[in-house]
2 protein chains.
Amino acid sequence: MATSGSLDSLTSKLREIHHLSDAAAVLSWDQETYMPSGSGGIRAEQLATLQTLAHNQFVSPEMETLLGSFLDLETGTILPKHQASLDGTAQALLRETWRDFSRAKKLPSSFVNDLERECSLAQQVWAEARKTNDFQRFLPNLERLVSFKKREADYLGFTDSPYNALLDTFEPGSTVAQLRPLFAELRTHLIRLLDQIRNSTVQPNTSLLTQSFDTSKQVDFGRLVLKQMGYNFQRGRLDLSAHPFTTAFHPTDARVTTRVFENDMPSCLFSCIHEGGHGLYEQGLSPKHYGTPLGEAISLGIHESQSRLWENSVGRSQAFWKYFYPKLQEAFPEQLGTVQAEEFYLAINQVAPSLIRVEADELTYNLHIMVRFEIELEVIEGRVYVDDLPELWNAKMEEYLGMTPTSDAEGVLQDVHWSFGAFGYFPTYTLGNLYAAMLFHQAKKDVENLEQQIGEGNFLPLKNWLNDRVHQWGRQYSANELIQRITGQTLTPQPFIQDLEEKFSNLYQFPT
Amino acid sequence: MATSGSLDSLTSKLREIHHLSDAAAVLSWDQETYMPSGSGGIRAEQLATLQTLAHNQFVSPEMETLLGSFLDLETGTILPKHQASLDGTAQALLRETWRDFSRAKKLPSSFVNDLERECSLAQQVWAEARKTNDFQRFLPNLERLVSFKKREADYLGFTDSPYNALLDTFEPGSTVAQLRPLFAELRTHLIRLLDQIRNSTVQPNTSLLTQSFDTSKQVDFGRLVLKQMGYNFQRGRLDLSAHPFTTAFHPTDARVTTRVFENDMPSCLFSCIHEGGHGLYEQGLSPKHYGTPLGEAISLGIHESQSRLWENSVGRSQAFWKYFYPKLQEAFPEQLGTVQAEEFYLAINQVAPSLIRVEADELTYNLHIMVRFEIELEVIEGRVYVDDLPELWNAKMEEYLGMTPTSDAEGVLQDVHWSFGAFGYFPTYTLGNLYAAMLFHQAKKDVENLEQQIGEGNFLPLKNWLNDRVHQWGRQYSANELIQRITGQTLTPQPFIQDLEEKFSNLYQFPT
């Protein structure tokens, strides 16, 4: 039987196109880390040229011919003459390439250009509007963006809801019909747990985390943790940037960044662990499939599952700090020398409603996501006018988190996502949490003495398990298929809820 | 009269192509500075894709049409209908674009690919051969490279000598007929001066430069000097790399690197000043002409003149150290606190024959260049077999520098240039020295109290003079034209010889 080797001309063209997007990614990384402050203008032009070229090459007649020789370009069905001769890997490669190709072809290039221009404009207006707390200023841009995204959904096609088309961009296969009940079930439990926590007499002393911590020592400690996690510094780097991120140009070059604040020690620490999880995914993808969909992450949700698994299931666990806390005390003897491990563990697991998503804890974070998901849905399905968003936002924040923003800057204007047209993106954050818990539960079954190993600083069994079960497959399977293959279950919030219950009933001392 | 504005379609296409080579330059910079060690393989592929694309776009039918609408593609002559309507700037832009275009078109793409493959191979073999001191190992590659370069000269066309075609790649307009007498005159003086220096009873104490100097303080001092020179850190950076270099992606992003050794203080210091000179040129090019030849440096020789002017005419002058030496003493009080300025000044100006070009002083450096120039000429003009090179090298070293290498590793194998096919490159180093002296002489005439200003740490008058006379013009004028415009003279070694005579007769106390 022929293997993916018979797709050589196609994969070599895909790789060449990928070199262009990789180059753009290097330029973006440089922009966020080392680029001189005075050269933003030209960098935007250089990036635009690379991205346009990559897009044009991907939708070119050459690609059409290459892909069309294997499958029906209208339906994506593999041509009968090839069906018997291509193995599963080759078929998956064709299926996913066709997915990208047909989506790209459905969007007229004039539309893509207009949308990009609008996004680039809207981001600047949004930044100004947030700074000046002026939603009205951003309103016309947001209205245009919503109308663009509705048109995008129409171009892409959908069943049931236009929102599905947008969601599918970030989380292929995910639908409103799947998310609604999932989120509803999750919400009930989260709100119940939040109530129990609020009513607890135990409250953490978080002031120990906001002492003065030397920033370069913080970064050194983050680097130490990354190394121990198995993040390979011969195939990656840790740098500083305004917003932590992970970017990869190949499995041999997957870089992470963090930020660091003298008076907020958890920020750098958990950014490193979080991005390290993303970085391990990128380092674990198959170099053999580089440039093709089989060398790419499945979805934002699965990507986020990797960061959340390391950040929360591992990085906020007792086992993890059994190993690392003495080392942290050693790095910061003045600040933590007399602080008990239990006190520290409670502090980094504080749960408290807040207004800002990116500062939210493991539990309430998901309520922030639900607020956004529901608002996006209303807007994209056309039941709410954009100018009603501030009011709707504040009402939902009050309902779910018991807090009302006093300004739009800390309310509806807080996130950058909508300003670059990313509607349907937020749910993937919570999906990441749910996938993470499912995977970690399974890892505990598959890896002998996993928690004990973590307690001894031995993270390789977990890393190897993730390499084997998740990373190496790229987009060979969909998120749903992969989770089913690994855990035997379809997506469920139960493991996540169970973990929260166990951890927080223990920490905050309430009965489950 | 129409201006270069009427070339809009052409320049916007040129800019787009430039974005690709800029992206490649960012990837190369990254490779030399921050890229993880494990990802060299994929980076080479990404670079090749970008470079091939840039090349293909430059020789594309689209470019042919754009350029052909203004000029005769065979001869480069501007079409009669445009001759009256294009101003000098527009005509220069067309002239230089055509120069690049016709050169690129003359080389068959199969030839270019074969040559690139041979170079990439030869570099690896050369590195191994140098390490193991085994010229025979490199010999077959070098023979193939020489035959490639002869074919290249044939494709490009030449008068008098095939070497002229190669030289023209790096130093447009320069010829063997020009260099031979120039170098002969220079050599006589250099050898005479070298004799006088050797016979002097004054000899510097260079051991003061090889004490232990904290490396990060060395880099800080380099940064201080760069700032004072007027190098703009909002439009550039200083990083570390194995070999110091300058690279620019736009006048707003022109970066320099240095290297630093604990026991060799001048290395980092003069690398910073040298690269700073290159960096100032790149920052001083016209952003308006970015992407076109008018936004590019004229030649390697003129580029080198900028680095050498700062490194030698300025950075090894008494005036410079009048200002900087107290600051250097402050940075390194233990090492230099009791060392007199005169002693330091003599040490950094030591002249002594040596075997390795990159370690040579201001004077003998040019003798190293002449050895290479003469050997290249013999080989390219076919009077010498490649396997005779070690012998020829050693004989010329003995003749010019009075030293014979004891191994090929410190002889004919020392430089990387030939292994990547760069024949005709070396002379530009000495041309840079000669141009630098001519320019500095003129600057002293044009800028009031220049040396006094330098002695007070005021480098802006010199920087502004260079911006105005050299940098802003890009390739509007040829090297010869530019030098003539600025100094009223054609290229002459006299100012350089005069500077050496003045400085070294003073330092080494011999009569002129």
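Select the side of chain B that touches chain A: 28 residues of chain B are in contact (C-beta atoms, placed from the backbone, within 7 Å) with 28 residues of chain A. Colour helix H1 (8–33), helix H2 (40–58) and strand E2 (246–250) of chain B, each of which supplies at least two residues of that side; helices (H or I, at least four residues) and strands (E, at least two) are DSSP runs, numbered from the N terminus. H1(B) gives the most, with 8 residues. By class, this side of chain B has 11 nonpolar, 10 polar and 7 charged residues; Ala, Val, Leu, Ile, Met, Phe, Trp, Tyr, Cys and Pro count as nonpolar, Asp, Glu, Lys and Arg as charged, and the others, Gly among them, as polar.

The model is predicted: local features need pLDDT of at least 70 and side-chain atom pairs pLDDT 80 or more, while totals for chains, interfaces and linings use all residues. Residues are numbered from 1 along each chain as its sequence is written, and chains are lettered from A and ligands numbered from 1 in the order in which they are written.

Now colour domain 1 (4–106) and domain 2 (206–353 + 428–507) of chain A, with bounds from an automatic or database domain assignment. Their C-alpha centres lie 30 Å apart. In chain A, 17 residues of domain 1 are in contact with 15 residues of domain 2. On the domain 1 side, select helix H1 (8–33) and helix H5 (88–106) of chain A, the elements that give two or more residues. H1(A) gives the most, with 11 residues.

How values were computed
Two residues are in contact if their C-beta atoms, placed from the backbone, lie within 7 Å.
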